[in-house]
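Hi there,

Here is the structure I promised to pass along. Have a look at it first, and then read on for my notes.

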Amino acid sequence: MKRMSVWLAPAVAVLCLGSVQAAAKDQANIVRDYTDTVAPADQQAYEAGIKSYNQCLAQHGFKYAWTSWVHETGDVYSYSYVTEPMTWASFDAMHDAGKACDATFRTQVNPHLKGETSVFMQGNPELSHLQTDTLGTPALIEVTYFKLKSGQRQAFMDAAKKIYAAAKKTKWAGYSMLNEVVDGGEGAPDFLLVSPAKNWADLGKELDPTLWKMLENVYGKADADALRKTLREATQESPSHVDSYNAELSYRPTGK
């Protein structure tokens with residue numbers, strides 16, 4: 001696989017979240033994710049409820065976009081909804097603007113939910129390598145959760161930054177972004193890696209050079225091996241799944 005999740009062969013770290021949030025409060029680099037799980041028998045009714053909720057948002061002039069992703073592997077009765085990058089203050093405005101449709105969500109969506117989780121994620125330009133000449137939403141994304149061992153956050157971050165620096169320097173074709181999870185709750189990962197793909201063939205395509213060969217070309221074999229060792233030792237687990245874009249369940253304000 002060409003994705004950066006091949007970093008690894010195979011608890012939320014203690015963070016000063018107040019400092020993280022204070023540093024980022026004026027930057028539009030925060031996204032929010034909601035993930036819903038439904039029972040198979042409720043799938044049709046749940047999707048109808050989401051469409052009714054989106055219709056309500058449109059009727060009230062809601063101006064914030066939500067992109068819907070349907071889980072294709074793992075729990076395939078799961079749906080994720082992700083905002084565009086925003087400032088922390090923008091989420092206050094979003095919350096107020098959405099109140100008009102809270103009742104619609106509670107009556108038409110909640111009855112069909114098995115459960116729902118939510119996290120905030122903070123982006124970092126040093127942890128992103130994406131095609132800048134490609135517009136639009138990818139058909140598929142591979143999502144990898146990184147749950148770290150205690151005390152390993154900084155080592156993981158430093159290693160990841162070196163990998164992204166090399167990817168940018170060589171214009172490597174393994175595109176992805178790594179977001180830091182903020183306030184995810186018990187059991188949430190520390191980082192979430194997203195790798196876009198045009199289709200299944202693109203998702204499974206091998207890269208030449210491979211990730212490790214690219215790093216070896218930039219840093220030498222010894223340093224590339226050291227990066228791999230650091231990541232392995234920092235990571236407790238790294239499950240992954242694939243999501244597909246669902247235009248029907250996404251919400252786009254008028255004009256977007």
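V31 sits in strand β1 (residues 30-38); helices (H or I, at least four residues) and strands (E, at least two) are DSSP runs, numbered from the N terminus. With a relative accessibility of 10%, V31 counts as buried, where buried means under 20% relative accessible area, exposed over 50%, and partly exposed in between (1.4 Å probe, protein chains only). Leaving aside residues up to four places away in sequence, V31 touches V82, T83, E84, P85, F91, V119, F120 and M121, a contact being heavy atoms within 4.5 Å. One of these, P85, is 54 residues from V31 in sequence, yet the two are 4.9 Å apart in space, C-alpha to C-alpha.

Before going further, a word on the source: this is a predicted model, in which local features need pLDDT of at least 70 and side-chain atom pairs count only at pLDDT 80 or more, while totals for chains, interfaces and linings use all residues. Residues are numbered from 1 along each chain as its sequence is written, and side-chain values use heavy atoms, with hydrogens and water left out.

Now to strand β2 (residues 66-71): 6 of its 6 residues are buried, so the strand is largely enclosed by the rest of the structure. W66, S68 and V70 cover one side, and T67, W69 and H71 the other, all of them buried. β2 pairs with strand β3 (residues 78-83) in the antiparallel sense over 5 bridges; two strands pair if DSSP finds at least two bridges between them. Within that pairing, S68 stands opposite Y81 in β3. The hairpin of β2 and β3 has 6 residues between the strands, and G74 there takes a positive phi near 75°. β2 is also joined to strand β10 (residues 240-245) by 3 bridges, and these two run antiparallel. S244 in β10 is the bridge partner of V70.

There is also 1 disulfide, meaning a pair of cysteine sulfur atoms within 2.5 Å. C56 and C101 form it, with their sulfur atoms 2.1 Å apart. C56 lies in helix α2 (residues 43-59) and C101 in the loop between α3 (88-98) and α4 (102-108), so the pair ties together parts that are 45 residues apart in sequence. The torsion about the S-S bond is about -95°, so this disulfide is left-handed. C56 is buried at 9% relative accessibility, and C101 is buried at 1%.

As for the whole protein chain, it has 8 helices and 10 strands, and buried residues make up 43% of its 256 residues.

Enjoy exploring!
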